[in-house]
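Please read the following briefing alongside the sequence and the model. It takes up a few side chains, grouped by topic.

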Amino acid sequence: MKNGALIRPTASQANLLTVAESGGLANAAKTAGAMRGLGIVGSAGATLYGVANLSTYDSEKIANNPDKFASDLTGTAFNATLTAAMVAPNPVTVGLAAGTGTGIVYAGALAWENRENIADAWNTSTDWVGDKAEDLGKGIASGARRVGKFLNPFD
């Protein structure tokens, strides 16, 4: 509602750059709101941190740990596209951030970098599930024997 009349927001009102152009930074900040504003600040900060972190890499450091470099590079790219998607949401920026682009690549790079930890956790969890299933089976068998003895007093 604006001045007692119902208005229908347009896609241009979601783009903070367009809002700032026509109404200034104060209107863009009001349009963004606290949560979106904090998200933009957080992802922009993570992008700057990632760029600073990538600037410390040299060819020897990359050769020693290429998995870490790949996850740092894709993480920085993901944060940059996420910032762009929150500032100026459109199918391209959202698609790059979430689905088709850097989001999937970043998830893959993180999974590859941590593959040993993931494998260890998988083995630990499957051992735990196997132990619990074995205990459950023993409990069911014991209960069935008790029921059988109760139902057949001549046994």
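Leu151 is found in helix 6, which covers residues 115–151 (helices are DSSP runs of H or I with at least four residues, numbered from the N terminus). This is a predicted model, in which local features need pLDDT of at least 70 and side-chain atom pairs count only at pLDDT 80 or more, while totals for chains, interfaces and linings use all residues. Residues are numbered from 1 along each chain as its sequence is written, and side-chain values use heavy atoms, with hydrogens and water left out.

**Surface at helix 6**
- Leu151 counts as exposed because its relative accessibility is 64% (buried means under 20% relative accessible area, exposed over 50%, and partly exposed in between, with a 1.4 Å probe and protein chains only).

**Thr74 in helix 3**
- Thr74 belongs to helix 3, residues 66–87, and counts as buried at 13% relative accessibility.
- A polar atom of the Thr74 side chain lies 2.8 Å from the backbone oxygen of Ala70.
- Leaving aside residues up to four places away in sequence, Thr74 touches Val105, Tyr106 and Ala109, where contact means heavy atoms within 4.5 Å.

**Aromatic pair**
- The count comes to one aromatic pair, under a rule that pairs rings of Phe, Tyr and Trp (its six-membered ring) if their centres lie within 6.5 Å, with planes under 30 degrees apart counted as stacked, over 60 as edge-to-face and the rest as tilted.
- Tyr57 and Phe69 form this edge-to-face pair, at 5.0 Å centre to centre and 70° between the planes.
- Tyr57 lies in the loop between helix 1 (16–54) and helix 2 (59–64) and Phe69 in helix 3, so the pair ties together parts that are 12 residues apart in sequence.
- Tyr57 counts as buried at 13% relative accessibility, whereas Phe69 counts as partly exposed at 22%.

Methods. Helices (H or I, at least four residues) and strands (E, at least two) are DSSP runs, numbered from the N terminus. A polar contact is a pair of N or O atoms within 3.5 Å; within protein, one must be able to donate a hydrogen and the other to accept it, and residues adjacent in sequence count only if both atoms are side-chain atoms.
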